[in-house]
Amino acid sequence: MRTAYLDHAATTPPLPEVIEAMKPYLAERFGNPSALYALGRDSRRVLEESREKVASLIGAMPDEIVFTSGGTESDNMALLGVLLAGEGNGGHIVTTAVEHHAILETVRFLERLGYRATVVGVDSTGMVDPDDIRKAIRAETVLASVMHANNEVGTVEPLRRVADVCREAGVYLHSDTVQTVGNIPVDVDELGVDMLSMSGHKLYGPKGAGAIYVRRGTRVSGIIHGGEQERGMRAGTENIAGIVGLAAAAAAAARGMESRGERIAGLRNRLVDGILSSVEGVVLNGHPEVRLPNNAHLGIERVEGEAVCLHLDAVGICASTGSACTSEELEPSHVLLAMGIAPLKAHGSVRFTLGRGTTLEEIEYVLQELPPIVERLRAMAPL
Ligand code: PLP
């Protein structure tokens with residue numbers, strides 16, 4: 001059977017060079033980086049080399065990188081770490097309605113601890129207005145968290161302008177850059193962020209390995225306590241193989257990023273144009289231009305997104321209705337609802353996210369398979 005993997009926002013296939021780089025650290029080079037003998041020193045050396053590679057991808061200094069288990073932990077650390085480092089319970093945080101659950105659920109947890117939060121809305125394209133962030137900031141605000149690009153609809157947020165607002169107000173800015181690091185240029189100084197979260201498995205690295213960037217001087221406490229690993233910011237014996245894989249993925253991401261993005265955007269446009277011209281009652285959700293090069297999020301009238309995905313799966317095509325975390329829930333996506341899309345329409349969502357390995361043949365295959373699937377589903381259950 002022909003296949004097409006078009007769910008790169010959920011996870012990406014590890015690059016062969018990532019796997020090769022990791023192998024020795026899963027086998028004979030297993031030393032604990034805290035150990036004094038040569039085997040341990042070898043792990044310590046590769047740990048610090050990896051830190052340099054990851055820092056270099058985002059224009060940071062190596063000592064501003066703390067390795068974590070992935071995007072979720074980095075998001076938790078940014079929010080909990082800044083608020084818990086503050087004095088008393090008075091801290092207030094500003095975030096947006098379209099953040100990943102790793103942010104929104106952490107915000108809810110902070111509220112249960114007595115902290116306060118303001119969740120700012122977005123427009124119909126999923127974009128936040130920096131002025132709304134400005135209005136939400138108050139005297140006791142310590143942190144704003146605004147994602148760089150949305151994992152469902154692909155809209156890229158005006159982060160630099162949000163950073164200017166935060167600087168002016170003396171508020172830290174964290175960004176969930178899980179969907180952008182490795183896919184589009186991310187430079188901590190150009191974006192003006194104080195912290196960012198990244199995840200290995202979204203940039204052709206391993207799962208369970210990620211990092212948080214913490215700008216020098218940012219007051220943030222660790223949330224996992226124990227040993228002195230990661231300068232006391234994140235206790236626990238380091239996941240050396242995962243970190244080496246993340247670093248190899250970071251180095252690979254930096255090479256040819258622009259031309260890769262252009263090629264992928266070309267294929268994405270071919271996919272979107274092809275679907276819009278062959279299936280009636282379809283819209284492209286998210287911002288029409290300011291979006292990730294690999295994202296095509298479609299609202300298909302009079303079908304269930306889940307049903308479309310199951311039928312696509314039956315012909316070897318991997319697509320999703322939105323984020324991996326919500327695809328098993330029956331509630332419509334919080335992102336689409338925040339954009340003002342009616343629940344009935346939100347249920348007809350299908351997201352294709354392309355990647356490094358995506359070919360024109362795969363896109364043509366989707367264009368061949370999708371229209372009859374939609375037609376069949378509409379005929380079976382006319383709404
Ligand atoms: N943030 C965003 C925007 C994501 O898309 C994801 C993964 O879906 C995460 C955070 C969580 O990252 P991880 O799977 O590494 O915990």
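Reply: Relative accessible area sets the classes: buried is under 20%, exposed is over 50%, and partly exposed lies in between, with a 1.4 Å probe and protein chains only. The model is predicted, so local features need pLDDT of at least 70 and side-chain atom pairs pLDDT 80 or more, while totals for chains, interfaces and linings use all residues. Numbering starts from 1 along each chain as its sequence is written, and side-chain values use heavy atoms, without hydrogens or water.

Now the helices. Helices (H or I, at least four residues) and strands (E, at least two) are DSSP runs, numbered from the N terminus. Two packed helices are described by the angle between their axes and the distance between the axes. Axes are lines fitted to C-alpha atoms, for helices over the stretch in contact, and angles between N-to-C directions run from 0 to 180 degrees. Under 35 degrees is roughly parallel, over 145 roughly antiparallel, 65 to 115 roughly perpendicular, and the rest oblique.

Start with α13, residues 360–380. One partner is α9, residues 257–278. Their axes come within 10 Å and cross at roughly 15 degrees. Hence α9 and α13 are roughly parallel. The crossing is right-handed. Contact means heavy atoms within 4.5 Å. From α9 come Leu267, Arg270, Leu271, Gly274, Ile275 and Ser278. They meet Leu360, Ile363, Glu364, Val366, Leu367, Leu370 and Pro371 of α13. The contact has 9 nonpolar, 2 polar and 2 charged residues. Nonpolar covers Ala, Val, Leu, Ile, Met, Phe, Trp, Tyr, Cys and Pro; charged covers Asp, Glu, Lys and Arg; the others, Gly among them, are polar.

Helix α10, residues 305–314, also packs on α13. Here the angle is about 130 degrees, and the axes are 10 Å apart. This pair is therefore oblique. Again, α10 passes α13 in a right-handed crossing. Ala307, Val308, His311 and Leu312 of α10 touch Leu370, Ile373, Arg376 and Leu377 of α13. By class, that is 6 nonpolar, 1 polar and 1 charged.

On the α3 side are Thr72, Asp75, Asn76, Leu79, Leu80 and Leu83. On the α4 side are Ala102, Ile103, Thr106, Val107, Phe109 and Leu110. These residues divide into 8 nonpolar, 3 polar and 1 charged.

Next, the cysteines. A disulfide is a pair of cysteine sulfur atoms within 2.5 Å. The structure holds 0 of them. For Cys309, the nearest cysteine sulfur is that of Cys318, 9.9 Å away. Cys309 is buried because its relative accessibility is 10%. Cys318 is in no disulfide either. At 31%, Cys318 counts as partly exposed.

Last, a loop. Gly59 sits between α2 (38–57) and β2 (65–68). Its relative accessible area is 33%, so Gly59 is partly exposed. Leaving aside neighbours within four places in sequence, Gly59 contacts Asp187, Val188 and Asp189. Pro185 is 126 residues from Gly59 in sequence, and the two are 10.0 Å apart in space, C-alpha to C-alpha.

Notes: A crossing is left-handed if the near helix is turned anticlockwise from the far one by less than a right angle, and right-handed if clockwise.
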